[in-house]
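Below is a short briefing on one protein chain. It covers fold, surface, charge and aromatic contacts.

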Amino acid sequence: MKFIKDLYYGNISPWEMIFERDSQYGRAGTVLMESEDKLRKNLKDEDLKNFERFADSTNKILDISCQECFGTGFRLGVELMADVVWGDEKRTLRD
């Protein structure tokens, strides 16, 4: 029941990510931010607008992908729990 209470009170935030700066993720993020800063400084007017549209669209696609992956993972977790509790007696979500 602790998990449900933590979820209810907002103590579980799946969208928050903690990572080490020296991890593979952290290093890739640093390269991404430095590259974006350089591009923004060097681009002017229409090119900068096009880059911002590109960046916004990329972020939107990543957001949609993360939402879909989260939902898929959640559904798989539910099916796993159902299989543990009920075994072959249960129907899957895909039936």
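The points below are grouped by topic and describe a predicted model.

The protein chain has 3 helices and 0 strands, in the order α-α-α along the sequence. With a radius of gyration of 20 Å, well over the 12 Å that the globule rule gives for 95 residues, the protein chain is more spread out than a compact globule.

**Dimensions and surface**
- The C-alpha trace of the protein chain spans about 65 × 30 × 25 Å along its principal axes.
- Of the 95 residues in the protein chain, 11% are buried.
- The protein chain has an accessible surface of about 9100 Å², and carbon and sulfur atoms account for 59% of that surface.

**Charge**
- The protein chain carries 15 positive and 19 negative charges.

**Aromatic pairs**
- The whole structure contains 3 aromatic pairs.
- One of the pairs joins Phe51 and Phe54, whose ring centres are 6.4 Å apart.
- The planes of the Phe51 and Phe54 rings meet at 35°, which lies between the 30 degrees below which a pair is stacked and the 60 above which it is edge-to-face, so this pair is tilted.
- Both residues sit in helix α3 (residues 45–86), and because they are 3 residues apart, Phe51 and Phe54 are separated by about one helical turn.
- Phe51 has a relative accessible area of 15% and is buried, whereas Phe54, at 55% relative accessibility, is exposed.

Terms used: Residues numbered from 1 in each chain as written. Predicted model: local features only at pLDDT ≥ 70, side-chain atom pairs only at ≥ 80, totals over all residues. Heavy atoms only, no water. Helix = DSSP H or I, 4+ residues; strand = E, 2+ residues; numbered from the N terminus. Rg over C-alpha atoms; globule rule 2.2 N^0.38 Å. Buried < 20%, exposed > 50% of the residue type's maximum accessible area, 1.4 Å probe, protein only. Areas by Shrake-Rupley, 256 points an atom, 1.4 Å probe, with all protein chains shown as cover. Lys, Arg positive; Asp, Glu negative; His and termini not counted. Charge placed at Lys NZ, Arg CZ, Asp CG, Glu CD. Phe/Tyr/Trp six-rings, centres within 6.5 Å; stacked < 30°, edge-to-face > 60°.
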